[in-house]
Amino acid sequence: MLKRILCFFVPQALSLAGDTNKSKPSATVAPASQFDSSSQQPSPGTNTTTTTMNPPTTTSKPPKTTTKKAPTTTSKPPKTTTKKAPTTTSKPPKTTTKKPPTTTPTVSPTPTPSAGLTVGYYNIPKNKNETCLKAQMALQIRKLSANTTFIVQPNLTRTSGSCKENSANLRISFKEGFINFNFTKNVPNNTVYVDAVSFSLNYPLIPGATTHKAINKSVHLFPAQIGHSYSCRADSIYMGYNLSLDVTSDRMQAFNLTNNNFGDPDHCPADQPSYKVAIGVGVALLVLIVVVVVAYLVSRKRRTDGYQSL
């Protein structure tokens, strides 16, 4: 459309400009003499009229050119919607592994290191006010071939027994077994002693063997006079089958306790004082004294023989 308008107005404008140029008078060139002031002085008596004609001025307004702005079409870019791909999280299937049933075998207790011997105190009452048997001792059972030990813990024991006229019994029980002592009173010999010892132990002193039983009868252990107590720092009783019952720091008495207390102690042979060393030392000193006296007498006699009478 714009091109058509321009093609219509431009030729007309050009033709109008050409006509304007044709209507202007042609320029007259006069010689220089005509412009001379002397020559232009009019002659006297002659009236000269000079008429100057201005050329017509033609103003041609240029045609208005209407420039139509081309419509600006702003096309918005289409919105691109990016759809997120759905994230599918597939949980791994739960695999349930059934644990096989655990069967806990019955494990025998394993030998534990020695926790130290502890002295226990054991009493058997004859009635509410009188005690017929009293003992204090530390106990342990040893397997000699394996050098393993089971130590009796007094705080985990219970005491039972009985007293008769000439016999008494002391039984010390614990979770793993028991130890039993039988006392006999021999009135003709004025002696009380232990004539039987037994024990039963359920404990693995050696691999593969948990139960140990032993009994020693017809023995004469822990003897003391009636009314006295037996005392010893350490006793060991062989029970057979490589088993030994160790009784340590023991003091015991059955029958005839005075005010429920121990009587005078009768020491075991190992604890009885030995005078052999004292006798030997005394003899050695006596011999030394004799030697010194003899030496002195001999030396004195020699000195007296060396002097002469005047």
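Predicted model: local features only at pLDDT ≥ 70, side-chain atom pairs only at ≥ 80, totals over all residues.
Five strands make up an open sheet in the order S4-S5-S6-S7-S8, and their pairing is antiparallel. Strand S4 (158-163) and strand S8 (209-225) stand at the edges; each has a single partner strand, so one side of each is left without a neighbour in the sheet. From one strand to the next, the twist averages 15°. As a general point, strands of a sheet pair through backbone hydrogen bonds, in either a parallel or an antiparallel way.

Within this order, S6 stands between S5 and S7. On one side, strand S5 (residues 167-174) and strand S6 (residues 177-186) run antiparallel and are joined by eight bridges. The two strands form a hairpin, with two residues between them. Two of the residue pairings can be picked out here. Ile-172 has Ile-179 in S6 as its bridge partner, and Asn-169 is partnered in S6 by Asn-182.

As for solvent cover, S6 is mostly covered, with seven of its ten residues buried. A residue counts as buried when its relative accessible area is under 20%.

The next topic is charged side chains. Side chains of opposite charge can pair when their charged atoms come close. With a cut-off of 4 Å between a side-chain nitrogen of Lys or Arg and a carboxyl oxygen of Asp or Glu, the count comes to two salt bridges.

One of them joins the side chains of Asp-246 and Arg-142, at 2.4 Å from N to O. Because Asp-246 lies in strand S10 (residues 243-254) and Arg-142 in strand S2 (residues 131-143), the pair ties together parts that are 104 residues apart in sequence. Asp-246 is buried, at a relative accessible area of 6%, whereas Arg-142 is partly exposed, at 24%.

The other salt bridge is between the side chains of Arg-233 and Asp-271, with an N to O distance of 2.9 Å. Arg-233 lies in strand S9 (residues 229-240), and Asp-271 lies in the loop between strand S11 (265-267) and H2, so this pair ties together parts that are 38 residues apart in sequence. Here Arg-233 is exposed, with a relative accessible area of 60%. Asp-271 has a relative accessible area of 19% and is therefore buried.

The loop that holds Asp-271 leads on to helix H2. H2 covers residues 276-305, and Leu-288 lies in it. In an unreviewed entry, UniProt places the feature "transmembrane region" at residues 277-298. In the model, the span of residues 277-298 is 100% helix and 0% strand, and its end C-alpha atoms lie 32 Å apart.

A nonpolar surface patch of about 480 Å² is made by Val-277, Val-281, Leu-285, Leu-288 and Val-292. Leu-288, one of these residues, has a relative accessibility of 51% and so counts as exposed. The cut-off for exposed is over 50%.

Note on methods
Residues numbered from 1 in each chain as written. Heavy atoms only, no water. Patch = residues over 30% accessible without salt bridge, like charges linked within 9 Å, V, L, I, M, F, W, Y side chains within 5 Å. Areas by Shrake-Rupley, 256 points an atom, 1.4 Å probe, with all protein chains shown as cover. Helix = DSSP H or I, 4+ residues; strand = E, 2+ residues; numbered from the N terminus. Buried < 20%, exposed > 50% of the residue type's maximum accessible area, 1.4 Å probe, protein only. UniProt positions renumbered as here; feature names shortened; annotations may be inferred. Pairing = 2+ DSSP bridges. Axes fitted to C-alpha atoms, helices over the stretch in contact; angles between N-to-C directions.
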